Amino acid sequence: MSPAERFQGPEAGQTRIKNVAVIGSGISGVTSAAHLIKEGLDVTVFERTGTIGGVWCYDERVDFDPPFPNTIPPVQDWTDLEKEGLRAAEALILHGPPGPCYAGLKNNVPTSLMRSSLLPWPAGTEDFVDQGRMVQYVHDIAELCHVTEKINFHTRVESVTKPPGSAQWRVRTSTLRVEGDTFSVSRKTESYDAVVVASGHYHIPFVPDIPGLSAWKDRFPGRVLHSKSYRTPEPFRGKTILLVGAGASALDIAREVDALGGTVYQSRRESKYDLTAIRLPEAVRRVAMVAEFIADEDDVSKSAHNGENEGAIPGKIVLEDKTTLENIDYVIISTGYITSYPFLEDLEQPSVAWEEADERIVITADGYTTHNLHKDVFYIPDPTLVFVGVSQYISTFSLFDFQARVMAKVLAGQVRLPAESIMKAEQRERKARFQPGDRFHSLFLMEQVYIAEVLTWVNADLAKTGLPVMEGMDAEWRKAYDVVMAIRRPS
């Protein structure tokens with residue numbers, strides 16, 4: 001019997017899943033663990049930082065700078081803590097890097113749409129709340145559902161493999177312990193019937209390969225940064241900044257810097273996913289995409305333009321429409337993140353092009369698509385490897401909770417997956433429809449269709465076995481969804 005056949009046809013559920021490893025304790029990891037616990041499965045959660053909350057956790061520290069450029073999934077160095085002379089503070093950042101959360105971060109999807117079935121928001125909660133309240137909400141779910149005691153903090157997953165012929169996944173982890181100025185690392189390998197990858201995709205900055213950008217970063221390192229390092233607008237008060245990108249962080253940074261008297265240019269390409277234009281402050285100037293960064297060769301002073309000192313960066317920026325920008329104080333690259341699961345070892349192939357991915361690979365050179373997933377959740381060759389949190393342009397908390405509920409019912413043996421051939425055919429059809437400029441995991445304006453499709457499959461199985469059918473989103477959520485989509489729908 002193949003791994004996929006365990007979840008298909010009359011054999012489904014006969015080989016019971018007993019213990020599950022969950023990677024990550026953000027909303028995807030916490031809801032996944034909670035629903036698995038509700039189904040009676042033994043759960044272990046691995047979290048490489050010291051806190052619950054994932055991307056919403058604010059940390060004044062910043063991660064080490066990524067390479068400039070940084071366009072493909074990197075090869076992880078699991079010996080990074082063995083460097084001679086490494087300090088404990090540096091080890092903490094390497095082992096569990098701070099995330100991209102900035103002090104002013106708020107949800108950009110209303111709380112009426114962004115909630116778990118496990119716990120409602122407190123009565124009277126505003127539509128948009130700060131990151132501290134988002135973390136508290138995830139923490140409350142973890143406490144209520146007995147997830148907290150299942151979490152191994154400061155524990156990094158370094159390898160997830162299934163040896164040939166084995167029914168279990170081997171999960172190798174490293175746990176970092178810090179005492180004063182010293183640290184130690186202990187490693188362990190354990191076996192699990194299933195693994196849920198809920199580690200998110202806001203860890204590795206994507207830095208585009210724009211001519212001259214690398215030279216600017218080398219020459220003016222304190223003036224050129226990725227938005228992952230942004231924490232507050234204060235360093236940019238009254239300054240002129242160039243934002244490259246048109247995502248949520250670019251919008252927030254533009255608003256915050258503009259409010260402190262800064263001059264903001266936003267450079268971006270035209271895209272149907274650019275939803276920032278109507279929400280930008282009036283003073284923000286939207287310009288074409290950057291074509292080249294050109295340094296002033298007559299200026300040889302590196303230190304005078306390194307973040308702490310006054311003076312604009314000596315040089316100019318040429319845009320794709322041939323116009324130029326000068327007198328820029330800071331460049332903030334807000335071009336998103338690379339999706340990577342380095343612990344999956346040979347399932348991640350950074351040198352393989354997107355279109356060359358076979359029916360086994362999970363990550364390729366594009367650094368965005370997670371290949372070979374049924375409904376963005378189940379790894380088709382072996383559905384005991386599960387992903388929660390892959391889908392994008394959705395209601396996040398609500399949809400990830402929904403995916404976690406489905407995942408738990410499948411692993412608990414209550415719901416069968418379609419035949420492997422059907423899942424593969426659906427994946428091929430989805431790829432055939434993919435167009436340049438699309439986002440493969442985007443469910444923009446399609447979330448309700450996705451939910452209905454999944455519920456049709458899940459509830460058909462539950463009904464056959466006499467189990468209660470699974471509910472989708474409630475009427476309040478659907479009403480809020482229609483309102484938000486009416487605003488965001490392209491005219």
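What follows is a list of stops, with a note on what to select at each.

**Before you start.** You're looking at a predicted model, where local features need pLDDT of at least 70 and side-chain atom pairs count only at pLDDT 80 or more, while totals for chains, interfaces and linings use all residues. Residues are numbered from 1 along each chain as its sequence is written, and side-chain values use heavy atoms, with hydrogens and water left out.

**Stop 1: the core.** Select L36 and F402. These two have the most contacts inside the largest nonpolar core, which has 84 residues. A nonpolar core here is a set of buried Ala, Val, Leu, Ile, Met, Phe, Trp, Tyr and Cys residues joined through side-chain atoms within 4.5 Å. Buried means under 20% relative accessible area, exposed means over 50%, and partly exposed is in between (1.4 Å probe, protein chains only). Now colour helix 6, residues 397-411: it gives this core its largest share, 10 residues. Helices (H or I, at least four residues) and strands (E, at least two) are DSSP runs, numbered from the N terminus. There is also a second, separate core of 23 residues, and V224, A295, I317 and L319 are among them.

Which residues is L36 in contact with, leaving aside its neighbours within four places in sequence? Show V20, V22, L41, V43, V196, M407, A408 and L411. Contact means heavy atoms within 4.5 Å.

**Stop 2: two helices side by side.** To see who meets whom, select L399, F402, Q403, V406, K409 and V410 in helix 6, then E447, Y450, I451, V454, L455, W457, V458 and L462 in helix 8.

**Stop 3: F236.** Jump to the loop between strand 9 (224-226) and strand 10 (240-244), where you'll find F236. Is F236 buried or exposed? Its relative accessibility is 6%, so F236 counts as buried. Not counting residues up to four places away in sequence, F236 touches Y230, I241, V257, G262, Y330 and I332.

Stop 4: Go to the loop between strand 2 (42-46) and helix 2 (88-95) and pick E60. At 67% relative accessibility, E60 counts as exposed. P69 is in the loop between strand 2 and helix 2 too, and a cis peptide bond joins F68 and P69, with omega about 5°. Then move on to helix 2, where A88, A91, I93 and H95 are buried. Their cover includes strand 4 (155-161), strand 5 (169-179) and strand 6 (182-192).

**Stop 5: two positive phi angles.** Select E345, in the loop between strand 17 (337-338) and strand 18 (373-374). E345 is not a glycine, yet has a positive phi of about 55°, and with a relative accessible area of 37% it is partly exposed. Finish at D376, in the loop between strand 18 and strand 19 (378-379). Phi of D376 is positive as well, near 65°, and D376 is buried, with a relative accessible area of 2%.
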